[in-house]
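Colleague: I would like to learn how to read the way two copies of a chain meet. Could you take me through it?

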There are 2 protein chains.
Amino acid sequence: MSISAKKWVFAEKLTNKPKKDFFKIVDFTLPEVKDGELLVQAVYLSVDPYMAVSNFYDATGGIKIGETVPAGEQCAKVLKSKDSNFPEGSLVLVACGWVSHAVVPAAQCKKIPDFGEVSLSLSLGSVGMPGLTACLALFESAELKEGETVLISSASGAVGNVAGQLAKLKGCKVIGFAGDDEKVDWIKELGFDHAYNYKKVKLDETLKKSAPDGIDIYVDMVGGEWPITAFNHMKVGSRIVIIGQISIYNKEPSTLPALPYPFFDILMKGMKIHGFGVFNYKLETHDGHIKYLLNLVSEGKLKYKEVLYEGFEKQAEAFEALFDGSHFGKIIVKA
Amino acid sequence: MSISAKKWVFAEKLTNKPKKDFFKIVDFTLPEVKDGELLVQAVYLSVDPYMAVSNFYDATGGIKIGETVPAGEQCAKVLKSKDSNFPEGSLVLVACGWVSHAVVPAAQCKKIPDFGEVSLSLSLGSVGMPGLTACLALFESAELKEGETVLISSASGAVGNVAGQLAKLKGCKVIGFAGDDEKVDWIKELGFDHAYNYKKVKLDETLKKSAPDGIDIYVDMVGGEWPITAFNHMKVGSRIVIIGQISIYNKEPSTLPALPYPFFDILMKGMKIHGFGVFNYKLETHDGHIKYLLNLVSEGKLKYKEVLYEGFEKQAEAFEALFDGSHFGKIIVKA
């Protein structure tokens, strides 16, 4: 079996602004499949904002030129199996970087449950890592309770739209912000109680109006002035869950706003602030959450929006689109 | 039965610096004991730093002149009972303010377990609210694990010394700071791995030296520059638990230091910051922790230091002593 395997590697030049020229595509030869390994072929690949983080930390140190671009997970098909738990033709989630094919230890692969009528691409979206992140942020980290007021900063994004819909399903009041009117219309359709175009309103004033009694849970994906402003609107017993900082990945740390002395309020309000460190966060098996999300999608209770890029060679372009604000829903590459 | 009941009330003048003149002692007449109520007599009373907080918030608004000074709990003896669960002569913990006697609903009283040889005064200290706070901060909020590095800012105080000893019993490395050499000697005796007089060292340098790999848990009771500096030394997966802010209760909020943009580190390190709001925090039944502490004291594994003020009329003086740095261990008033 001769396979034309391709992979994306880091190209010569990295700057502070994430773009497709960071990467280039190269051919490579696959190793032999040994006992306990699988040869897999990418079906769907994802692009994730956190890939820009190493760059933010150190534009030359963290990343090695010529190395395969790491990634979250891809949805892949088993072409050849030397592990009886994974028959040929079955589908798995595996983190093996931006590659068209890979030989991977079966132990690193997760079986994808039967999606039935639901699109498999959602294994990377609302029924995959982003959906699971929304579940973990709301139900485990923030311990969301019925009737609470939930603020979501990037509400049309892959995690944000799921978080907002889940909070609505649990009887919460949900306030969402997005970056253009079309996105705002969409999150209104999803049932958000308040939806704003953040380019057209002032956050502080808008929160005073939409959450006069304060906020119980803030799910921050944006960073910058957002958590600084939201902090002052947090209620007694409130929780801030930081799951992303997309607005600041390409900024110098010294230019970021300071948080006015927070520890007195944190004490007096019994607040919790929790960071979901994407690099530290072990994506363990959370079958319960995944089944819950899958059921919601098949019942039509959890809506989604995907942007599909066709072809493995579109991966870098799809990545760049993450940062230009043009995407709307989860960006997926179909290999 | 004629009882000379006395209570402490807020006096005319309140300023930003907590002192005994905030309070004056007055006689009052006890109401009749109705069904479901108990007449109790104070045995031990406590003074707690958080009583200065209302003052910090608003020197004239939060506190009403002439009102009874609220308090945490006192250890009291039941003199007359109209609830069969609390026989006359039994001992209870009850929050009824700075009073020598009170008629209280039995439902608000907690039975004190059998202290055996252990001094009952510890029901307000190492085996009471402060000890329980240390347990909850370390074991529930911070989920302390064996071998972690724990920083305690006010290590000779009522909560801090217990927290440090508990962390040592769990095999942690413990770094403590106190305000004079005598206190430092004491926390060294208690087994702290590193103990410093914070008036003689620079926090940042000292942490670099004593915790070169960083800190897993910081229990902050002090506030001000402390949590700001400690923040930069926190490890991946670390937790900051805010249980007090004693250094800033008499400061203007505008003079407090800002925290340089923290949300990126909170995300990347998967950090947790948790405030134990003393006013929000419901002191529910935590029998397991109380029994654990009681056993440790009777086995000599948990040491303690108390400062005893004799007489109900010493209450205000004892309170002032909380803030002048002269106390050493838990301040208790024996009524």
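Colleague: Through which surface do the copies meet?

Modeller: 100% of the interface residues of chain A are also interface residues in chain B, so the copies meet through the same surface. Residues are in contact here if their C-beta atoms, placed from the backbone, lie within 7 Å. The contact takes 33 residues from chain A and 33 residues from chain B. On the side of chain A that touches chain B, α7(A) gives the most, with 5 residues.

Modeller: Some housekeeping: this is a predicted model, where local features need pLDDT of at least 70, side-chain atom pairs count only at pLDDT 80 or more, and totals for chains, interfaces and linings use all residues. Residues are numbered from 1 along each chain as its sequence is written, with chains lettered from A and ligands numbered from 1 in the order in which they are written.

Colleague: What rotation superposes chain A on chain B?

Modeller: In general, two copies of a chain are related by a rotation about an axis and a shift along it. Here the rotation is 180° with 0.1 Å of shift along its axis, at RMSD 0.1 Å (least squares on the C-alpha atoms of residues with pLDDT of at least 70 in both). The two copies are thus related as by a two-fold rotation axis.

Colleague: How do β13(A) and β13 of chain B pair?

Modeller: Strands (DSSP runs of E, at least two residues, numbered from the N terminus) pair if DSSP finds at least two bridges between them. β13(A) and β13(B) pair in the antiparallel sense over 3 bridges, and Ile273(A) has Ile273(B) as its bridge partner.

Note on methods
Contact = placed C-beta atoms within 7 Å. Helix = DSSP H or I, 4+ residues; strand = E, 2+ residues; numbered from the N terminus.
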